[in-house]
Amino acid sequence: MALKSFVEVHRDSHFPIENLPYGVFRTQPGSEPRPGVAIGDYVLDLSVVSSAGLLDGPILKNSDCFNQANLNNFLGMGRPAWKEARATIQKLLSSTEPTLRDNASLRQKALVPMDKVEMLLPTVIGDYTDFFSSMHHAKNCGTIFRGPENPINPNWFHLPIAYHGRASSIVISGTDIVRPRGQGYPKGNSPPYFGPSLKLDFELEMAAVVGPGNELGKPIDVNEAADHIFGVVLMNDWSARDIQAWEYVPLGPFLGKSFGTTISPWIVTLDALEPFACDASKQDPPPLPYLAEKISQNYDISLEVRIKPAGEEQAHVVTRSNFKHLYWTLTQQLAHHTINGCNLRPGDLLGTGTISGPEPESYGCLLELTWNGQKSLSLGGATRKFLEDGDEVTFTGFSKGNGYTVGFGTCTGKVLPSPP
């Protein structure tokens, strides 16, 4: 029988009772942040529910994990605690359960209208790693910069390529992004260009949020890696292509990436995504034994990017892609990250890299969509090769179930001018 909540949930809502994503919110500036779960147009305040003794399972009944300003403690408790929380919260919100439904005063305290809250970063992000896991993106970038003969380096098919990003500049959806300044390629015998980036781009990504970590020196088995991933968020890894192109040899991205990365506020759990699991891409050559999975799966998550130019009311769809296009799975990424003994910690963020599909309309960034500025992209009456000041970029992601949608909400940021 289909689940139904006593909280009204519109048919097209991203947050039905089948989803129940986790976030951190506050009700007014300066108030204490607290964990919550999204249900319809409301946030279930987990600090209220916990203090009322309603999270009464054996793992959570004596825990203060929902009386914290972030989700790190809860993430570190692992899958048994996550499953207990999900089952308890689904029961509390179900239409047949009177405990919260029929207690008007408690219900009023526990259910906060979503339009009355400010969403915050859901975890303290100690470390952030960005992978390069889409074959279509790798092929397109290689073709643009190196030509079509050998666009993908041979190592790419043997290991999930990644670099260590900057955790301090990860921001929550709705935060403005200031156009970065830096150096660019010199022209002729002139010194390098210095000034605002002339090739500012978005990158359509998702990111895994790490649950329990591992001890230094003890890798995580690829077939146990899912137990170390709490859930997934949308991620825009903003990129200054001109700064990156000049700086990245020999050590990789630096200032072209570290000025800002935006994530969506709600972490959708792997349990909520399980109905949308699908076979992962065939990997040829077969991965080395430490990356060989007994069950290799991705998720069918539809992704969309819109750009709204300054002064316009309408946002224009510029790409539609899907999480299932990734070549390397989340679990392979995590296992590879730890194979050298690197220790992960609860709340760490693992970006997928740009998620591009096989068709031009599914490319995941302007670098690909405009072929590095060689052609223009139409936005109604305007055109774009790269982002301009005032452009607002919005990602959405969702999976369609039978009569319900498991969604991520939005991941939005607006470009502000570089300081003088």
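Predicted model: local features only at pLDDT ≥ 70, side-chain atom pairs only at ≥ 80, totals over all residues.
Trp156 is buried, at 2% relative accessible area, where buried means under 20%, exposed over 50% and partly exposed in between (1.4 Å probe, protein chains only). Residues are numbered from 1 along each chain as its sequence is written, and side-chain values use heavy atoms, with hydrogens and water left out.

**Aromatic pairs**

- A search of the whole structure turns up 14 aromatic pairs; rings of Phe, Tyr and Trp (its six-membered ring) pair if their centres lie within 6.5 Å, with planes under 30 degrees apart called stacked, over 60 edge-to-face and the rest tilted.
- Phe15 and Trp266 make a tilted pair, 6.0 Å centre to centre with 55° between the planes.
- That pair links distant parts of the chain, 251 residues apart: Phe15 sits in the segment before β1 (22-26), and Trp266 in the loop between β16 (261-263) and β17 (268-269).
- Phe15 and Trp266 are both buried.
- Trp156 and Tyr327 have ring centres 5.0 Å apart and planes at 45°, so this pair is tilted.
- Trp156 is in the loop between α6 and β7 and Tyr327 in the loop between β21 and α9, so the pair ties together parts 171 residues apart in sequence.
- There's also an aromatic cluster made up of Tyr22, Phe66, Phe74, Trp82 and Phe230.

**Helix α3**

- α3 (residues 79-93) has 15 residues and reaches 21 Å from first C-alpha to last, close to the 21 Å expected at 1.5 Å a residue; the expected span is 1.5 Å times one less than the number of residues.
- Helices (H or I, at least four residues) and strands (E, at least two) are DSSP runs, numbered from the N terminus.
- Eleven of the 15 residues of α3 are buried, so the helix is mostly covered.
- Among the buried residues of α3 are Trp82, Ile89, Leu92 and Leu93, and also Arg79, Glu84 and Arg86.

- The largest pocket has a volume of about 840 Å³. On a 1 Å grid over the protein atoms alone, a pocket is an open set of points where a 1.4 Å probe fits, with protein on both sides within 12 Å along at least five of seven lines, and lining residues have an atom within 4 Å of a point.
- Of its 33 lining residues, Phe132, Ile161, Gln244, Tyr248 and Pro253 are the closest to its centre.
- α6 (135-146) is among the elements that supply at least two lining residues to the largest pocket, and gives the most, with six.
- The lining of the largest pocket splits into 19 nonpolar, eight polar and six charged residues.
- The second largest pocket has a volume of about 390 Å³.
- Ala226, Ile295, Gln297, Tyr299 and Thr331 are the closest to its centre, out of 19 lining residues.
- β19 gives the most to the lining of the second largest pocket, with three residues.

**Sheet**

- An open sheet of five strands runs β9-β26-β25-β20-β21, with mixed pairing; two strands pair if DSSP finds at least two bridges between them.
- β9 (177-178) and β21 (316-322) are the edge strands, each pairing on one side only.
- β9 pairs with β26 (residues 405-416) in the parallel sense over two bridges, and Ile177 stands opposite Val415 in β26.

Technical notes
Points joined across faces, edges and corners; volume = space filled by probe spheres on them. Nonpolar A, V, L, I, M, F, W, Y, C, P; charged D, E, K, R; others polar.
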